[in-house]
Amino acid sequence: MIAPETLISISHVSKRFGGVVAVNDLSFDIRAGELHSIVGENGAGKSTLMKILSGVLTEYEGQIRLRGREVLFSGTRDAEEAGVSIIHQELNLVEELTVAANIFLGREKRTGLGFIDDRAMEKESAQLFEQLQCQIAPTQLISELRIGDQQLVEIAKALSLHANILIMDEPTSALTESEVERLFKVIERLQSSGVTIVYISHKMDEVFHLSDRITVLRDGKLVKSLERDATTPREVTHLMVGRDIEEVERRTGGTTGDIVLEVKNLFLPWTGHAREWRLQDINFSLKRGEVLGIAGLMGAGRTELLECLFGASPTQPQGQIWLDGALQFFDTPATAMQQGVALVTEDRKRLGLFDHMSVRDNITICSLEQITNLGLVSKSREQAITAESIDALGVKCDGTEVGISSLSGGNQQKCVIARWLRTHPELLLLDDPTRGVDVGAKSEIYKLINGLCQDGMAIILTSSELPELIKLSDRVLVLCEGLLTGRLEGDAITEKAIMEAATQRNS
Amino acid sequence: MTASLTAFLRQHRNELGLLAAILAVIAITATIDDSYREKPGYNAKEILRQTSMLGIFALGAAIVIISGGIDLSSGAVIAMSSTVCGSILFALSETDANGIPMTETGGIGILTVAILGTLFVGFLIGSFHAWLVTAVNLPPFVATLASLVGLRSLARVLIPEVTREVSGIETTKLYVYHEQLAFLGETWWVALAVFATLALALWVLMSRTVIGRHIYAMGGNEAAAQLSGIRTDRLKWLAYCIGAVTASIAGILYTGYVGTSDPTTLGMGYELNAIAAAVVGGCSLTGGIGTILGTALGALFLRAVIDAVAKTIKSGADDYEGMIVGVLVVLAVALNALRTDSGLARQFFNGKLGSVSIGILTLLSGTITFVMVETNKISTAWIVVASVLALLSLRKYLEVAAMRKKSAL
């Protein structure tokens, strides 16, 4: 057997951001033509490494060799010229432009007179989609496409750049089952035409379905590179986490009290969209001391549902929201907050944190009225309650006055949760609270959720990780394209049941 | 103790830096110009008066900027307020035998009405801005730009109408001879007292109250503020009202100082001076960052530099004002940016734009030297041109060399 040719050789690559080491002395090889999966927990350094490989990050220590020659990309343009393309988890497309315009963005074809030649670009785009055996019209606007189709546009773009190394960063996180299957077929076709694929994921079934080899990262370091055939999902998971995962006991039938929340016939309009409703005829209720999980794929309406309950939707929902037996009308988050509702948002950086403010500012911002004397904020009391919150939630930080941005993701999230607990809510909405949070902080947040509902708080939880949702929820509601397609309780809550309900309309 | 001192220094390094810069400017001017040494009292009063006049509405501009918006209308609001104030005095004063109002006869009562009326108009203008921004959803830049051009024009067409209605004679500006108003406008400590009171009140508002904290939060991250149950619409209403009302106060004082309501010239371009004072004082145009003390010092610094140049140039000093403000704003913001980002290690003169910029900076420094020095204009200018060109070219050469070294590894 001929030894497979090494295509990319990564040796002793390190990258630090300020004091944080994101990637620490990594060395491994990627062989020509293989599908190489890179797996690891959040914060393991996967994304940073991929940014280095694709020329997004240009300053790092160590060396990268491409076909035996050392390279130092000056930017993504440079990397693309060398045949390396990346498809980010969050797609980089201009929604207002057409498919063809996006594929050729920055290297538009021109006519003899120097004007943009749309027809030539559309023709070539059509050929690319033919090659991928997908039906997407090059003249469509990106905003009209589903996420799965948008991803294919990115793949077509990479093909048009003659990429022979394609990096895919968690490409299936937003896809329905049928879209995932189509993507896998496209990947097979790409591989058979000689494209090397670096595939980032933490879904074991995908990784084992597709990979030739698997590299496990943890805390920025290489744990091991393995042949797919020589390992098991169990072993890989174990390597990823580095220890046996501390199992949080699934809560069983805690004492639940009176009904806190009742949602009746909730509709959320979606103006200018073919689907007309973001949410359609949602009915459910929630008791004191209960954790209700909301499951669904990206775009199913999880976040939108929580926004409705917090008066934060861009358009007013129709239908009724009853809180403690009283009909509510939440026009702004301020009203919802006064009625005892709290929302920890999914996008912490954009919608949760006040970046250039201190830990103290971030924790007390919602409850300043409680600590004023004659209209002036009492600084000593503010510091005292901040210290109290930091203590209660185990936030690791260097005092109350340090900037929130100096904290790790998990500690930032604890601060945001602390902010809302200070308002003493009756109903706590947690939108994917462990997103971008390290394993240790995750299990602390799990314990916190369990503790809060034991104290009688009603909690609605969403999560992008099904095991987490299953572990924490008393009941699970499943959304699919704005419809409530599943209600699961007790032992009926399984990954299989959730996925079936979540993809009901598509497959 | 030392730890808290370091914390204090770090927290206020912007203000302390400005204070040092102000003292340096004054010291340098004092060595060059005799007037600072011979008449320190007069000069101090004059600088303080001008600083106060600018500072009053610069504070308003700063609050709007910290809240995440921008107010381009202060100059026009000053002109409009002067028009309103003058018109009320004009309309309420007794008339002489020819039916011409004698504004000099108006007492405190009429003046109070005029001032309250003007402040109310300021409140209306600010509320209108807030409505355009929050309800109509206009970008603050557009909403206040409309006022910048619209209000002054409205004031200009109002004056002939008012004068014709009241006295039968149409004029394009109002002469206001009101004793108490003139006192308010001309006395240096009145402006200073108004400025100091405002600064103190706004400092308490911004750094000690819930509203102030919420304004900082909104300026830093509006979406997060809204999702934290903060009623951002009300805060914007307050911010734009403070912006407009402070400009109205300045408009009243300017009317007393110049003795006329002349919307054609009064307050022309002042909005940019106010924004400049805020920015030099450490406010970030992206919102959420800035202090009242910093803005006040920013106003003092601007006036001190303008005065210093006026003292050294002597004739036609007003023409230099815009140039000074422009240079100071770029320098202040650049210094702030360099402190945080990769600093002086970054590539300033990369590529073709870099080469063109070397030409621009050379030309600019040569031209500025040419207009500023009094003797040997041309030869001095050439020396400056040659040395700036040499220095910047050397810098570019070093940058290119560093880049090569990095890519060669």
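1. A definition to start with: two strands count as paired if DSSP finds at least two bridges between them. Please keep in mind, too, that this is a predicted model.

2. With that in hand, look at the sheet in chain A. Six strands form an open sheet there, and their order is β6-β7-β8-β3-β9-β10, with mixed pairing. The edges are taken by β6 (84-87) and β10 (221-227) of chain A; each has a single partner strand, so one side of each is left without a neighbour in the sheet. On average, neighbouring strands are turned by 20 degrees against each other, direction ignored.

3. One pairing is worth a visit. Strand β7 (residues 165-169) of chain A runs parallel to β6(A), and four bridges link the two.

4. Another is α8 (residues 233-241) of chain A, in touch with β3, β9 and β10 of chain A, and its direction makes about 25 degrees with that of β9(A).

5. Next comes helix α15 (residues 439-454) of chain A. Its 16 residues reach 23 Å from first C-alpha to last, close to the 22 Å expected at 1.5 Å a residue. The buried residues of α15(A) are A:Val439, A:Ala441, A:Lys442, A:Ile445, A:Ile449 and A:Cys453. They lie on the same side of α15(A), because they cover an arc of only 155 degrees around the axis. A:Gly451 and A:Gln454, on the other side of α15(A), are exposed. The cover over the buried residues includes α8 of chain A, along with β13 (291-295), α14 (409-421), β20 (458-462) and α16 (466-472) of that chain. After α15(A) comes A:Gly456, with a positive phi near 100 degrees.

6. Where do the chains meet? In all, 25 residues of chain A are in contact with 19 residues of chain B. On the chain A side, α10 (333-338), α11 (348-352) and β18 (376-377) each give two or more residues. By class, that side has 15 nonpolar, six polar and four charged residues.

7. Finally, a stop in chain B: is B:Ser127 buried, exposed or partly exposed? B:Ser127 sits in helix α6 (residues 108-134) of chain B and has 14 C-beta neighbours inside 10 Å, so it counts as partly exposed. Beyond its neighbours within four places in sequence, B:Ser127 is in contact with B:Trp237 and B:Cys241. The C-alpha atom of B:Tyr240, 113 residues apart from B:Ser127 along the chain, is separated from that of B:Ser127 by 6.8 Å.

Technical notes:
Residues are numbered from 1 along each chain as its sequence is written. Chains are lettered from A and ligands numbered from 1 in the order in which they are written. This is a predicted model: local features need pLDDT of at least 70, side-chain atom pairs count only at pLDDT 80 or more; totals for chains, interfaces and linings use all residues. Two residues are in contact if their C-beta atoms, placed from the backbone, lie within 7 Å. Ala, Val, Leu, Ile, Met, Phe, Trp, Tyr, Cys and Pro count as nonpolar, Asp, Glu, Lys and Arg as charged, and the others, Gly among them, as polar. Axes are lines fitted to C-alpha atoms, for helices over the stretch in contact, and angles run from 0 to 180 degrees between N-to-C directions. A residue is buried if 20 or more other C-beta atoms lie within 10 Å of its own, exposed if 12 or fewer, and partly exposed in between; C-beta atoms are placed from the backbone. The expected span of a helix is 1.5 Å times one less than its number of residues. The arc is that of the directions from the helix axis to the C-beta atoms.
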